[in-house]
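Biologist: Before we look at any detail, could you show me how to read the pockets of a protein model, and then its overall form?
Modeller: Gladly; let us take the pockets and then the chain as a whole.

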Amino acid sequence: MRIRVVNPNTTRAMTDTIEQCARAVAGPGTLLDAVTAETGPASIESHYDEAMSVPGLLAAIRRGEAEGVDGYVIACFGDPGLDAARELAAGPVIGIAEAAMHTASHLGRGFSVVTTLGRTIGRAADLAERYGMQRFCLGIHACELPVLDLHTDPRARKIVTEACREAVQADGSDAVVLGCAGMADLCAHIRDEIGVPVIDGVAAATLTVQSLLTLGLRKSGIGEFATPPPKTYTGLLESFGS
């Protein structure tokens, strides 16, 4: 099976980290690669960033379909463009917030989310509601580190670790969901430091896609997630038409 992890931002260094974390859990016989969006923002930290990331994400999905990719991971915690990507793809498409929250719900009565900037807390709350996770999501906390600083600020590991520790204490939670794909490589360290399960959505989504494909499951090709009807697009989106 072929799984492609799509980083919807344009920062290749982040894609490299994401790919390493996804490869670490991919099973024997799974061909996995990660791609960086060719257009979009350098990082995704606002509704505007998220909207601007979707054309690049969808272009990557279209290329994957032409290349015979079986399933996809959207490696941004906002799960941008998830529904549209599911329309384009024949196989499963899983967002990392979706996978991480569902995984955490299996491990205790409640989890905390630790994300980057405070302005993203509302988006995480919206996703918890969408995925039916409000019962389990006990709190959403920001460490106030911009996404790109996760790999450049020497204090980043300590800042995120302490934010996770404080979240568990404040919420009385049993697990922590890391609210950014750029935190994926911190997962094991934080778990060892704070003593509760810490879920990286990249790994969780990779294994979810792999499991669905192993079961021989693909998306429903009827109704809302059928292939979108052909039509003409103009301007910057001309290439997206059929």
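Biologist: Which element supplies the largest share of the lining of the largest pocket?
Modeller: The general idea is that rolling a probe the size of a water molecule over the atoms shows where empty space is left. In this structure, which is a predicted model, α2 supplies the largest share of the lining of the largest pocket, with four residues. Both α2, spanning 47-66, and α3, spanning 82-88, supply at least two residues each to that lining.

Biologist: What volume does the largest pocket have, and which residues are closest to its centre?
Modeller: The volume of the largest pocket is about 410 Å³. Its lining is made up of 17 residues, of which Leu58, Leu88, Pro228, Tyr233 and Phe240 are the closest to the centre. By class, the lining of the largest pocket consists of 11 nonpolar, three polar and three charged residues.

Biologist: How much space lies in the second largest pocket, and which residues are closest to its centre?
Modeller: The second largest pocket holds about 320 Å³ of space, and among the 24 residues that line the second largest pocket, those closest to its centre are Ile44, Glu45, Cys76, Gly78 and Thr120. Here the largest share of the lining, three residues, comes from α5, while α2 and α5, the latter covering 121-130, each contribute at least two residues.

Biologist: How many residues of each class are in the lining of the second largest pocket?
Modeller: The lining of the second largest pocket has 11 nonpolar residues, together with nine polar and four charged ones.

Biologist: What share of the residues counts as buried, and what share of the contacts joins residues 24 or more positions apart?
Modeller: Of the 242 residues of the protein chain, 52% count as buried. Among the contacts in the protein chain with a separation of 6 or more, 71% are between residues 24 or more positions apart.

Terms used:
Residues numbered from 1 in each chain as written. Predicted model: local features only at pLDDT ≥ 70, side-chain atom pairs only at ≥ 80, totals over all residues. Heavy atoms only, no water. 1 Å grid on protein atoms, 1.4 Å probe; cavity = no way out; pocket = protein on both sides within 12 Å on 5 of 7 lines; lining within 4 Å. Points joined across faces, edges and corners; volume = space filled by probe spheres on them. Nonpolar A, V, L, I, M, F, W, Y, C, P; charged D, E, K, R; others polar. Buried < 20%, exposed > 50% of the residue type's maximum accessible area, 1.4 Å probe, protein only. Contact = heavy atoms within 4.5 Å.
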